[in-house]
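Q: I am new to this structure and would like to know what lies behind the words used for it. Could you take me through them?

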Amino acid sequence: MRVRLLDLGGQYAALSKELRAATDEVLSSQRFILGPKLVQFEAAAAAYCGAGHAIGVSSGTDALLAVLMALEIGLGDAVITTSYSFFATGGCITRVGATPVFIDIDPNTYNISPTALRRYLEKFCHAVDGKLVNENQQTIVALVPAHLFGLCCDMNEMIAIAREHNLILIEDAAQAIGAEFPLQGGAAKAGTMSDAGCFSFYPSKNLGAAGDAGLVVCHNERFAERMRQCRHHGMGAQYRHEFVGGNFRMDEIQAAILGVKLPHLDNWSAARRQVAKFYTDEFRRLGLEKKIQLPVEPYAERGLTNHHIYHQYVIRSQRRDELRKHLAEREIDTAVYYPLALHEQPCFEYLGYKAGDFPEAERAARENLALPIYPELSRESQQYVVNCIAEFFS
Ligand SMILES: *Cc1c(COP(=O)(O)O)cnc(C)c1O
């Protein structure tokens, strides 16, 4: 039986009439840029996330880039981020001329480790004239954690650390739209616990566009206005450019499609959790949790619905590559997110990191394996995946 990692066919079949009607409306109106569908979607997305403002942009990457540009982060600045994420998290920091500073991850959640972060700050950073300066004499201005695989990182710790050191806090929430976190003082959704949250609507994300699209959410109205200018070349009054931004606008057609899909997101996330529960229950029942490390759910007992939205269901094994081959031979697609930690990327060689600097990120890169997961994945397929993994370890 062929099992794909992700198959969006079922979702499209269920929504095709509405999706076509919404795109037809845009085509008939001939309003393709900054039109009413975008305004509608931004209002719906802000309400869904619980953010004061939402600004539609051209991709998740551009969300990160535009936020850094709007905050005037650049040359001479250093930005702390995780050593294990999709490339864009680190790439955007470099693109604005700043230096990424990587921090190792927690081996259970794959998210940035607050302990490792505190250790770095204590060991290598000191305050100079109220600024935080690192061992390379760069000023650390911001902290950009990512919520990997649909699970929020420890935002209580991130917020505390950002406050202690007066850092701008930006969430890379590209994989975590709707994911909740038990914040001190009440639950909050990914992207809304910081100065700015960045989302991606890349087609394979939990909420996917028909192409590239992204979103920035924030609470501060002035920053929201600056983001709206930033996505439009920093333009205030017509052809008067207040600062250098870019063309980071979300297309009207994408906004129309996302507007149709957004009301279904919570059901899809619930269905993903069901798939995850089946996998986890079965692996435990078969005694496999000693052979493979299963995803953790640190916030499951905190009364949150979307405590994990399972953008990916990631297991780990020291025999990852053999297991992957075994599954491929049985027509089960899997993926490795990600085979290289950020400090191992060729383009970041100039930063001078070496093997062993972030042992947990490096180990995750060697051992992680993402299994098929999407809302419409049949129970039969789930069972087949479990059976084939059990067969491998038997
Ligand atoms: C997908 C993703 C991005 C980039 O989003 P795009 O829309 O593909 O540009 C950034 N960060 C993370 C963690 C992602 O998963």
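A: Gladly, starting with a definition: a polar contact is a pair of N or O atoms within 3.5 Å; within protein, one must be able to donate a hydrogen and the other to accept it, and residues adjacent in sequence count only if both atoms are side-chain atoms. This is a predicted model, where local features need pLDDT of at least 70 and side-chain atom pairs count only at pLDDT 80 or more, while totals for chains, interfaces and linings use all residues. Residues are numbered from 1 along each chain as its sequence is written, and side-chain values use heavy atoms, with hydrogens and water left out.

Q: Which residues are closest to the ligand, and how many surround it?
A: There are 13 residues around the ligand, and T61, D172, Q175, S200 and K205 are the closest.

Q: Why is E42 called buried?
A: Buried means under 20% relative accessible area, exposed over 50%, and partly exposed in between (1.4 Å probe, protein chains only). E42 has 9%, so this residue is buried. E42 belongs to helix 2 (residues 36-49), and a polar atom of its side chain is 2.7 Å from the backbone nitrogen of G56. Apart from neighbours within four places in sequence, E42 is in contact (heavy atoms within 4.5 Å) with A54, I55, G56 and R231.

Q: How do you know that R330 and E391 form a salt bridge?
A: A salt bridge needs a side-chain nitrogen of Lys or Arg within 4 Å of a carboxyl oxygen of Asp or Glu. For R330 and E391 the N to O distance is 2.9 Å, so the pair qualifies. R330 is in the loop between helix 10 (320-329) and helix 11 (359-367), while E391 is in helix 12 (residues 379-393), 61 residues apart, so the pair links distant parts of the chain. R330 also meets E329 in a salt bridge, at 3.7 Å. The structure holds 19 salt bridges.

Q: What makes E329 exposed, and why is R330 called partly exposed?
A: E329 has a relative accessible area of 51%, which is over 50%, so E329 is exposed. R330, at 22%, falls in between and is therefore partly exposed.

Q: Why are E367 and R363 separated by about one helical turn?
A: Because they are four residues apart in helix 11.

Terms used. A residue is near a molecule or strand if one of its heavy atoms lies within 4 Å of it. Helices (H or I, at least four residues) and strands (E, at least two) are DSSP runs, numbered from the N terminus.
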